[in-house]
Amino acid sequence: MLAGFNHLTLAVAQLPRSVDFYHQVLGFRLEARWARGAYLSLGDLWLCLALDQVQAQDLQRNYTHYAFSITQQHFSAFAQRLREAGVALWKQDTSEGESLYFLDPDGHQLEAHVGDLRSRLAACRAKPYEGMQFFD
C-alpha cells in the first residue's frame, strides 16, 4: 500500500542553472550534488534534479504543475524575490488563497500557494465548481 508522497524528480537541461534556481532563488536546501544530478530538500519534500533532455514546449501543454506551500506573511516578499530574479509567470491566480504560478529555468510549471486542502474545500463549499460533490 502507498503511504504518501516520496519525492519529485525533474529533468533539467543545465544542472548548475537549476541547482542555483532551486537553492538560491527558491530557498531549497542543497543536500548532495553529482555530475548528472542533485538532491535538494524543502521541509519534507525531497527533490531530485536529473540532467536530461528537456523541451519546454512539452512541459507547458496542460495544467500539470507542482505547488509549494507558503504563508500569507511571506507571500509578498517571495513574489518580489521572483520578480527581481526575472522569473517568468505562466498563469494568473483565480482560485482560493493567493498563488503565484511561475516557471523554473527549464519551463516546469510551479506554484507558490497560500492555503491548504481544508481552506480550498471551505471556499468550494461556499462557491462550488460546476457539478461539484463533497464526500465527508
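Q: What is the volume of the largest pocket?
A: Happy to start here, with the note that this is a predicted model. The pocket's lining draws two or more residues from each of β5 (66-69), α3 (72-84) and β8 (109-113). The volume computed for this largest pocket is about 210 Å³.

Q: Which residues lie nearest the centre of the largest pocket?
A: The lining of this pocket holds 14 residues. By class, the lining divides into 9 nonpolar, 3 polar and 2 charged residues. Those nearest the centre are Leu-26, Ser-69, Ile-70, Phe-78 and Ala-112.

Q: In what order do the elements of the protein chain run from the N terminus on?
A: Let's step back to the whole chain. Its secondary structure comes to 4 helices and 8 strands. The C-alpha atoms fill a box of roughly 50 × 40 × 30 Å along the principal axes. Read from the N terminus on, the order is β-α-β-β-β-α-β-α-β-β-β-α.

Q: What percentage of the residues in the protein chain is buried?
A: A residue counts as buried when its relative accessible area is under 20%. The protein chain has 136 residues, and the buried part of them comes to 32%.

Q: Which residues of helix α1 are buried?
A: Helix α1 covers residues 15-25. An α-helix has 3.6 residues a turn, so residues three or four places apart point the same way. For this helix, the buried set is Leu-15, Ser-18, Val-19, Phe-21, Tyr-22 and Val-25.

Q: Which residues do ring pairs link into a cluster with Tyr-22?
A: Tyr-22 is buried, and Phe-28 is buried as well. Ring pairs join Tyr-22 into a cluster with Phe-21, Phe-28 and Phe-68.

Q: Which residue lies over the face of Tyr-101?
A: Here is a contact between a charge and a ring. The distance to the ring centre is 4.9 Å, and the residue over the face of Tyr-101 is Lys-91.

Q: How many disulfides does a search of the whole structure find?
A: A disulfide is a covalent bond between the sulfur atoms of two cysteines. Cys-48 is buried, at 10% relative accessible area, and Cys-124 is buried too, at 2%. The number of disulfides found in the whole structure is 0.

Q: Is Ala-3 buried or exposed?
A: Ala-3 is found in the segment before β1 (8-12). Since its relative accessibility is 86%, Ala-3 counts as exposed.

Q: How far apart are the C-alpha atoms of Arg-36 and Asp-52?
A: Arg-36 is found in the loop between β2 (29-34) and β3 (37-42). At 51% relative accessibility, Arg-36 counts as exposed. Asp-52 is 16 residues from Arg-36 along the chain, and their C-alpha atoms are separated by 8.3 Å.

Q: What is the relative accessible area of Leu-89?
A: Leu-89 lies in strand β6, residues 89-91. Leu-110 is 21 residues from Leu-89 in sequence and 9.1 Å from it in space, C-alpha to C-alpha. Leu-89 is partly exposed, and its relative accessible area is 47%.

Notes:
Residues numbered from 1 in each chain as written. Predicted model: local features only at pLDDT ≥ 70, side-chain atom pairs only at ≥ 80, totals over all residues. Heavy atoms only, no water. Buried < 20%, exposed > 50% of the residue type's maximum accessible area, 1.4 Å probe, protein only. Phe/Tyr/Trp six-rings, centres within 6.5 Å; stacked < 30°, edge-to-face > 60°. Lys NZ or Arg CZ within 6 Å of the ring centre and 35° of its normal. 1 Å grid on protein atoms, 1.4 Å probe; cavity = no way out; pocket = protein on both sides within 12 Å on 5 of 7 lines; lining within 4 Å. Points joined across faces, edges and corners; volume = space filled by probe spheres on them. Nonpolar A, V, L, I, M, F, W, Y, C, P; charged D, E, K, R; others polar. Disulfide = S-S within 2.5 Å.
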